[in-house]
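Here are my notes on this model, in numbered points. Have the structure open while you go through them.

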Amino acid sequence: ARAIIFDTDPGVDDVMALAFLTRLPGVELRAITTTFGNLALEATTRNALTIAERFGLDVPVAQGAAHALQNDQPRFVPHVHGADGLGDVHLPVPRRTVDPRPAADVIIDLVRRDPGAITLVGVGPFTNLAHALHKAPEIAGLVAGVSLMGGAFGTHGHTGNVSPVAEANVAADPWAADIVLGASWPVTMIGLDVTQEVVMDEAYLAALRDQAADAGRLIWDISRFYQRFHEQTRGLRGVFAHDSLAVAHAVRPDLFTTRSGSVRAVAGGIAHGQTIQKPRGLLCAPSSWDDRPEQAVAVGVDGGAFLDLYRRVLVA
Ligand code: BDR
Ligand code: CA
């Protein structure tokens, strides 16, 4: 079985990704770690607890970062996910409580305990992963892989979603993203280049609602607000799959084509949150590019195969 730690800021698409992850055959969820992002940390953690309870997940839920590595005012997005982050459908207040350890410590403990076994799936700002690397740099050599929803590289004309060049998870903490991308562990960035290529349209979501029992109904309910946002801003009658694609990458990397090269995240100025990959073979001076590991950036996805897989897993 593939063991996964899910680092998240729920968020509607985060919950859709978690529903998928916990039902995927051959996958074992080891922990949910929360970060600020779509909303403040207290709200994303409460949502993680509510969903863990609803799905009957017997794994630790640990709370992580409340803000970026550097002094930066977080910009929450209630206009995307609803004031409560889950479409304002008034889910029950969780009875479960958080693990007493900080998220970074849970990540470190689990990775050390099982060298080579754990895949980190990050679908919020990458602050917890940066904290974990800072406290225990050796974990970079101990994980199986790091699949991240984040970044925008412009390969299909998809540029940013919070500025012309920046994707939300990177823009929330580009300092953390730059550290995570500079560490010697195998990162794959599942950015807007591919996540905006895959739309779960209204008919698809309605089929989940009717066929996928409890999770399908929940996804339908919480995604009404999120779909309205997509409709108002993009004219889409559906939602981008975003975070679920990072989960898909962790278990089915064959669904993606990737490009290799060192990647940096920009902090400050009008390009704050932009991600840039150095083309292979380009000699750069100064060498702030060349002394960094090559990482993978997703540039293509078999969207049809992904949508089939997601539906099959949820409906099973
Ligand atoms: C990312 O930002 C968040 O709003 C979503 O949950 C996703 O992780 C998309 O840019
Ligand atoms: Ca997210």
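1. Let's start with helix 4 (103-113): its buried residues pack against strand 1, strand 2 (27-34), strand 3 (61-63), strand 4 (118-122) and helix 5 (127-135). Those buried residues are Ala-103, Ala-104, Val-106, Ile-107, Ile-108, Leu-110 and Val-111. Buried here is a neighbour count: 20 or more other C-beta atoms within 10 Å of a residue's own is buried, 12 or fewer is exposed, anything in between is partly exposed, and the C-beta atoms are placed from the backbone. Contact, used for packing, asks for two such C-beta atoms within 7 Å. Helices (H or I, at least four residues) and strands (E, at least two) are DSSP runs numbered from the N terminus.

2. A word on what you are looking at. This is a predicted model, in which local features need pLDDT of at least 70 and side-chain atom pairs count only at pLDDT 80 or more, while totals for chains, interfaces and linings use all residues. Residues are numbered from 1 along each chain as its sequence is written, and chains are lettered from A and ligands numbered from 1 in the order in which they are written. The mean pLDDT (the predictor's confidence in each residue, from 0 to 100) is 96 for the protein, with 100% of residues at 70 or more. The model also scores ipTM 0.98 and pTM 0.98.

3. Now the overall build. The protein has twelve helices and twelve strands, and its C-alpha trace spans about 55 × 45 × 40 Å along the principal axes. Buried residues make up 52% of the 316. Of the contacts between residues at least 6 apart in sequence, 81% join residues at least 24 apart.

4. What does the largest nonpolar core look like? The core has 99 residues, and those with the most contacts inside it are Phe-20, Leu-21, Ile-107, Val-180, Ile-219, Leu-245 and Ala-246. Its largest share, eight residues, comes from helix 1. A core of this kind is a set of buried Ala, Val, Leu, Ile, Met, Phe, Trp, Tyr and Cys residues joined through C-beta atoms within 7 Å. Take Leu-21: leaving aside neighbours within four places in sequence, Leu-21 touches Ile-4, Phe-6, Val-27, Leu-29 and Val-247.

5. Helix 11 (residues 243-251) deserves a look too: nine of its nine residues are buried. Among them are Leu-245 and Ala-246, both listed with the most contacts inside the largest core.

6. On to ligand 1. Which of the 14 residues around ligand 1 come nearest? They are Gly-11, Asp-13, Val-123, Ala-168 and His-242, where near means a C-beta atom, placed from the backbone, within 6 Å. Helix 1 (12-21) and helix 6 (168-172) each supply at least two residues of the shell. By type, the shell divides into five nonpolar, five polar and four charged residues; Ala, Val, Leu, Ile, Met, Phe, Trp, Tyr, Cys and Pro count as nonpolar, Asp, Glu, Lys and Arg as charged, and the others, Gly among them, as polar.

7. Most residues other than glycine have a negative phi, and most peptide bonds are trans. The bond from Pro-10 to Gly-11 is cis, with omega near -10°, and Gly-11 sits in the loop between strand 1 (2-8) and helix 1. Asp-88 has a positive phi of about 55°, and His-90 has one near 60°. Asp-88 lies in the loop between helix 3 (78-81) and helix 4, and His-90 lies in the loop between helix 3 and helix 4. Asp-88 is partly exposed, with 14 other C-beta atoms within 10 Å, whereas His-90 counts as exposed because it has 9.

8. Last, Arg-259 in strand 9 (residues 256-261). Arg-259 counts as partly exposed because it has 19 C-beta neighbours inside 10 Å. Leaving aside neighbours within four places in sequence, Arg-259 is in contact with Gln-277, Val-297 and Val-299.
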